[in-house]
Amino acid sequence: MIIPNIIRSCSMAAGNPLQKSWDLVPLQLKLVKPVPSDIVISRSQTPKNISILAKEIGLADNEVSQYGSKKAKIALSAIDRLRSRGNGAYVVVCGITPTPLGEGKSTTLLGLVQALAAHCQRNAIACMRQPSQGPTFGIKGGAAGGGYAQVIPMEDFNLHLTGDIHAVTAANNLLAAQLDTRMFHEATQRDKPLYERLVPLIKGERKFSKIQLRRLQRLCIEKTDPDSLTDEEISQFARLDINPETIMWDRVVDVNDRYLREIMVGLSPTEKGFYRRAHFAISVASEIMAVLALANNLDDMKQRLGRMVVAFNCRGGPITADDLGVTGALAVLLRDALEPNLMQSIEGTPVLVHAGPFANIAHGCSSIVADELALKLVGKEGFVCTEAGFGSDIGMEKFCNIKCRTSGLRPNAMVLVATVRALKMHGGGPPVTPGAPLNKQYTEENLDLIKKGLPNLEQHISNGQKFGMPVIVAINCFSTDSEAEHEMVREAAVKAGAVDAVVCSHWSKGGSGCLNLADAVIRACENSENFHLLYEDDMPLLDKLYTVAQNMYGAGRVELTPEAQKTLEKLTDAGFGTLPVCMSKTQLSLTGDAKIKGAPKDFTLTVQNLYVSAGAGFVVAMCGEISKMPGLPTRPCIYDIDLNTETGEIEGLF
């Protein structure tokens, strides 16, 4: 008895080199028809204690910080401990161009991993983004998956989780406060008094802080004694000289509040007339959220935070968070937020939930550290399935060109989620409107509409092939679909180059409804080593824009407004031309116009303007009107969400 225990302990300490498969004990489902609401299904299952799940997948006790019994943060030290282990297969899950209702991408991701881990006895982890409270209280509802393929407890997943989004909000707004405060003090003080307050006399001695010494180095002032600076150097150091017209740092809040889209700040008499027009964005649209998702470790996150450009000075030079002296404080607020969150699916399989950048504003993927941790935990024979927001034209393209470029990880396959409903819409079906009943063309067999919508599916299959990935189409079936409709989609997908197309019923059956998809993914990942990026770093920004638009959207040309052309030249001259591009466009069309469906060809994509997310490490190209602050609908989900004060249970989530 002693010897096996010693071997098991040593194996854990060495990174489990002897343990190829987990001792995972799945949770059994009790399937009910008709399928109940998501929250009823969630509460019908008793989750494992998260510490038990952590042990099952090979985590050490000191790597797990529990937040109650159903969720935990995982220390980044686990990645270092498991560094010598090989990586598992890496699968990205995305969708075709969706309807406003969504096509079940997260649900399919969870169904696939439940099939792999609970039914095929493969080590498998789902990596998902953390949902914003905006959609949860707005119109879309939660993002935990649905039916018998969801994360539990769904209340924890959709509300607060471990506070990462709140940490992003606090850090973002601290930087915004420091930016306006610095402008106020520079406007109301002369050079010498300003300098003396920035470098105060403490116990008879002036000392530069570490972050102030970095600013001196950027200014090429090779002095460390505050009393030795000349008047000119004092002015250089103390005055950022921010041009208010160039400020691009918004305040954020994690709710949909349309009346904060444009505001005036500084109207109090105490601000002495220094007011300006400003904006709010939703928290997940903050560049800090993108930094959190793309950082490789604490040091990398801190450096990225320091590089964030918040404005330009009156000479056209960038002003960074480091110039404002706030980098260390931001890192302190975000220290714990960089650790991925461990939860479980309804079948007791592991889910890493981390970060949540908007897909049509930022790059729309969960974090690099979560994926790296998952790849080590599953081992060489395992599978990590990670989601990319919206369609392949947005989420998957950015997953590859931005996230994989940063991480160096190479995906082995792409799962493309398609629905009959979306293809009918792209074939000319009537508008799909949240909250309104579906037109009968969506609930009755209509092969003609599907046939006309198939070019959209074909474009998304082509998108995956452009990166050298095998594409598996997952047809997320609805109860109103017919077998003939499914067969038409399946045949068209294979003809367009998909290695397989599989009808999936995970919403009503859990992992058992995704077994054929799991088999297809396992086969596709064998000897799949042909992944490549779409463009190189040194390609000019304009050529990068054209490459993405032509290959991913089917555009014929890219047109820049005069303002966008001027900004592009400014960013190139400032040294940002080697960064990848992040296209900010509607998710509801392959074009920049949400009303255009299907798969149009040779259209012109107009870029209204560009800006740099220097900390995240990409240049954003604005293609159409994309609001960073959603608004609440006439009847938001707020009306249905309530707290039962007798049981303490949350009601109305879906």
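Student: How many salt bridges does a search of the whole structure find?
Tutor: This is a predicted model, and the search of the whole structure finds 35 salt bridges.

Student: What makes the pair Arg206 and Asp227 a salt bridge?
Tutor: The closest N and O atoms of Arg206 and Asp227 are 3.8 Å apart, and the cut-off for a salt bridge is within 4 Å, so the pair qualifies. The two residues come from distant parts of the chain, 21 residues apart, with Arg206 in strand β8 (residues 205–206) and Asp227 in the loop between α10 (210–218) and α11 (231–238).

Student: Why is Arg206 called buried, and why is Asp227 called exposed?
Tutor: Arg206 has a relative accessibility of 17%, and buried means under 20%, so Arg206 counts as buried. Asp227 has a relative accessibility of 59%, and exposed means over 50%, so Asp227 counts as exposed.

Student: How do you know that Arg304 and Asp300 are separated by about one helical turn?
Tutor: They are four residues apart in helix α13 (residues 298–307), which means a separation of about one helical turn.

Student: Why are α16 and α19 called roughly parallel?
Tutor: Helix α16 (residues 392–407) and helix α19 (residues 447–466) pack at an angle of about 10 degrees, with their axes 10 Å apart. Angles under 35 degrees count as roughly parallel, and α16 and α19 are therefore given that description. The contact is made by Ser392, Asp393 and Met396 of α16 together with His460, Asn463 and Gly464 of α19, and by class it has one nonpolar, four polar and one charged residues.

Student: What makes Val291 buried, and which residues is Val291 in contact with, leaving aside its neighbours within four places in sequence?
Tutor: Val291 lies in helix α12 (residues 287–294), and at 1% relative accessibility it counts as buried, because the cut-off is under 20%. With those neighbours left aside, Val291 is in contact with Met301, Arg304, Leu305, Met308, Gly615 and Ala616. Val291 and Ser613 are 322 residues apart in sequence, yet 9.1 Å apart in space, C-alpha to C-alpha.

Student: How do you know that domain 1 and domain 3 are in contact?
Tutor: The domain assignment gives domain 1 (1–163 + 337–526), domain 2 (165–334) and domain 3 (541–622). Between the centres of domain 1 and domain 3, taken over C-alpha atoms, there are 28 Å, and 27 residues of domain 1 are in contact with 23 residues of domain 3, contact here meaning heavy atoms within 4.5 Å.

Key: Residues numbered from 1 in each chain as written. Predicted model: local features only at pLDDT ≥ 70, side-chain atom pairs only at ≥ 80, totals over all residues. Heavy atoms only, no water. Salt bridge = Lys/Arg side-chain N within 4 Å of Asp/Glu carboxyl O. Buried < 20%, exposed > 50% of the residue type's maximum accessible area, 1.4 Å probe, protein only. Axes fitted to C-alpha atoms, helices over the stretch in contact; angles between N-to-C directions. Parallel < 35°, antiparallel > 145°, perpendicular 65-115°, else oblique. Nonpolar A, V, L, I, M, F, W, Y, C, P; charged D, E, K, R; others polar. Domains from an automatic or database assignment.
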